[in-house]
Amino acid sequence: PNPIVVHEPEAMHGPDWDPRGKVYGTVSADKPWRKIEGSYGSAASPTADRDGNIYFADPAAHRIYKSAPDGKVTLFKSGSNVVALRVGPDDRLYASQPSLRRIVSFGAGGDERLVARDIEANDMAIAANGTLYFTDQGKRTVGFIDATGRARIVYQGGEIAVPSGIALSPDQAMLIVADAQSRFSWSFQIATDGSLVNGEPFYRLEMPETGWMSNAGEVAEDADGLVYFATPLGIQICAL
């Protein structure tokens, strides 16, 4: 009859506590989820800058919002048909616009700069050296844009049915590609020239009871090697 009380396990404060594979290695009992202010048609592709600001897109409204560390949300850019957002090492906000077949970047004041054209990117991952990887669901490929802006295909094997989310490992040695159809998402090693090698279906996700697609969306990896997949069942975490 009493309400459920959330508490951390006693072992968590012991010397032998290993956070890997534990719920409380990821979330904190004293820091619950908090809804940011405002109402939006949709909220997609959140990305953070080094100052703790969170940018996210409302694709249906063609808007980009900025949420400050104190939780205050302001309109950053309107009239921008954006699907994916990423903050680059140059502190600019990169945005994919598949309907316009291009990728652009925005400065702190909203100034726009063309990054690449003739590209339909569903998601992006930007390396510390400024190179960029992107997924193209229509062509079932993974693309690469070098520091000069030249693009090329680095994966077109066909084994990834619906390449969706994409993310780099913290050491920039591996690339993760989510498959919105399969139970498995992929891991690749990155060669010195940016090519992808030794790809394999590596991350096994739980599937919905109904339907035959995982619908895995965006993916991210933290500094401890935990990989987070956005799925209809919730956030699924894979530990290496």
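Contact is taken here as heavy atoms within 4.5 Å. The structure is a predicted model, in which local features need pLDDT of at least 70 and side-chain atom pairs count only at pLDDT 80 or more, while totals for chains, interfaces and linings use all residues. Residues are numbered from 1 along each chain as its sequence is written, and side-chain values use heavy atoms, with hydrogens and water left out.

Leaving out residues up to four places away in sequence, F188 touches Y155, I160, A173, M174, L175, V177, L196, V197, N198 and G199. F188 is also among the residues with the most contacts inside the largest nonpolar core, together with Y133, V142, I166, L175, V177 and L196. A nonpolar core is a set of buried Ala, Val, Leu, Ile, Met, Phe, Trp, Tyr and Cys residues joined through side-chain atoms within 4.5 Å; buried means under 20% relative accessible area, exposed over 50%, and partly exposed in between (1.4 Å probe, protein chains only). This core has 15 residues. Two or more of its residues come from each of the elements β11 (141-145), β12 (151-155), β13 (163-168), β14 (174-179) and β15 (184-190). Strands are DSSP runs of E with at least two residues, numbered from the N terminus.

Salt bridges were assigned where a side-chain nitrogen of Lys or Arg is within 4 Å of a carboxyl oxygen of Asp or Glu. The count by this rule is 8. In the bridge between D123 and R86, the closest N and O atoms are 3.0 Å apart. This pair links distant parts of the chain, with D123 in strand β9 (residues 123-126) and R86 in strand β5 (residues 84-87), 37 residues apart. Both D123 and R86 are buried.

A further salt bridge joins the side chains of R92 and D111 at 3.1 Å, N to O. R92 lies in the loop between β5 and β6 (93-97) and D111 in the loop between β7 (102-106) and β8 (112-117), so the pair ties together parts that are 19 residues apart in sequence. R92 counts as buried because its relative accessible area is 9%, whereas D111, at 41%, is partly exposed.

R101 and D118 also form a salt bridge, with 3.2 Å between the closest N and O atoms. Here the linked parts of the chain are the loop between β6 and β7, which holds R101, and the loop between β8 and β9, which holds D118, the two residues being 17 residues apart. The relative accessible area of R101 is 32%, so R101 is partly exposed; D118, at 52% relative accessibility, counts as exposed. Salt bridges that share partners join R86, D123 and E218 into one network. The backbone of D118 has a phi near 60 degrees, a positive value in a residue other than glycine. Q172, likewise not a glycine, has a positive phi of about 65 degrees. Q172 is placed in the loop between β13 and β14 and is partly exposed, with a relative accessible area of 29%.

Aromatic rings of Phe, Tyr and Trp (its six-membered ring) were paired if their centres lie within 6.5 Å, with planes under 30 degrees apart counted as stacked, over 60 as edge-to-face and the rest as tilted. The whole structure contains 11 aromatic pairs. F202 and Y203 form an edge-to-face pair, at 5.0 Å centre to centre and 85 degrees between the planes. F202 is partly exposed at 42% relative accessibility, while Y203 is buried, with a relative accessible area of 5%. Ring pairs also link Y40, F56 and Y65 into a cluster.

Q236 is found in strand β19 (residues 234-238) and counts as buried because its relative accessible area is 13%. The side chain of Q236 reaches the backbone nitrogen of E206 at 2.8 Å. The side chains of Q236 and T231 are joined by a polar contact of 3.1 Å (a pair of N or O atoms within 3.5 Å; within protein, one must be able to donate a hydrogen and the other to accept it, and residues adjacent in sequence count only if both atoms are side-chain atoms). Apart from neighbours within four places in sequence, Q236 is in contact with L205, E206, V227, Y228, F229 and T231.

Terms used:
Helix = DSSP H or I, 4+ residues; strand = E, 2+ residues; numbered from the N terminus.
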